[in-house]
Amino acid sequence: MCQLLGMNCNVPTDICFSFEGFSARGGQTDDHQDGWGIAFFEGKGCRLFIDANPSVASPAADLVRHYPIHSTHVIAHIRKATQGEILLENCHPFRRELWGRYWVFAHNGNLPDFEPIGYQFYQPVGDTDSEKAFCTILDRWRQEFPQRKPPLEQLYRILKATTETLAQQGVFNYLLSDGESFFAHCSTNLHYIIRQAPFAAAHLIDRDLTVDFRELTRPQDRVAVVATAPLTDNEIWTQLQPGELLAFQDGLPQYGLRQPEAKYFSFQ
């Protein structure tokens with residue numbers, strides 16, 4: 001299956017170190033060779049790089065590895081296709097507009113029998129189950145909140161209920177953000193780490209590369225990195241539990257959000 005990488009932080013930060021190790025899994029240290037992509041939020045803007053080539057052989061990926069784009073919300077993906085051909089339109093992350101903001105989504109998993117009908121507003125461009133699920137989530141939000149983006153608790157409530165329904169279709173690990181809100185859902189495998197003071201050095205698993213964050217950070221900085229599998233071998237990563245949906249803000253997971261009512265939706 002595919003792999004996910006995300007970052008949420010309280011100050012704009014580059015993801016070069018993490019992406020260096022992550023992108024190696026796209027054809028060198030792992031076999032995710034069916035495309036890759038990464039999205040950076042800057043204010044209401046969103047830089048999106050996607051390529052149907054493996055990340056280890058992509059000039060665009062090489063640019064990202066060496067171009068320190070600073071952002072507080074980043075989502076990246078390396079693809080091992082389960083549904084859909086190896087084409088640009090099937091590369092994650094996917095991007096759509098809702099409430100005057102770009103939303104970006106990347107999925108790791110497989111929803112083998114998911115064939116929704118009757119999209120209200122959003123429609124997939126490619127032919128992946130992932131993009132269909134993304135359109136479904138945005139459609140549900142738009143139906144519930146047609147005018148403007150609601151507070152985080154209300155946004156979370158509908159997303160949680162929709163996610164539980166979609167997860168019944170198969171494996172549904174994902175990252176979702178609009179540059180303000182950042183969500184991570186674990187179906188089978190997802191990890192995160194919070195880097196904050198006192199900072200230390202970190203060593204990548206997929207590259208022989210070490211960075212000492214004490215030389216690059218200030219005491220008030222805080223960064224959450226989310227990945228399918230841990231990227232470093234000398235830090236303690238926290239594994240999300242199956243079915244867990246976390247919202248991150250300013251580099252911290254937001255616990256205690258109100259759980260949804262026992263309500264499921266039909267997408268058939």
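Asp-62 is partly exposed because its relative accessible area is 36% (buried means under 20%, exposed over 50% and partly exposed in between, with a 1.4 Å probe and protein chains only). This is a predicted model, in which local features need pLDDT of at least 70 and side-chain atom pairs count only at pLDDT 80 or more, while totals for chains, interfaces and linings use all residues. Residues are numbered from 1 along each chain as its sequence is written, and side-chain values use heavy atoms, with hydrogens and water left out.

Let's stay with Asp-62, whose salt bridge partner is Arg-65, with the closest N and O atoms 3.7 Å apart (a salt bridge is a side-chain nitrogen of Lys or Arg within 4 Å of a carboxyl oxygen of Asp or Glu). Both residues sit in helix H2 (residues 59–66), three residues apart, about one turn of the helix; helices (H or I, at least four residues) and strands (E, at least two) are DSSP runs numbered from the N terminus. Arg-65 is buried, at 9% relative accessible area.

Next come pairs that reach across the chain. Arg-25 and Asp-206 form a salt bridge, with their closest N and O atoms 2.8 Å apart. Arg-25 lies in the loop between H1 and strand E2 (36–42) and Asp-206 in the loop between strands E10 (201–203) and E11 (210–212), so the pair ties together parts 181 residues apart in sequence. Lys-80 and Asp-31 also meet through their side chains in a salt bridge (2.9 Å, N to O). In the whole structure, a search finds 16 salt bridges.

Finally, look at helix H1 (residues 16–24), where nine of nine residues are buried.
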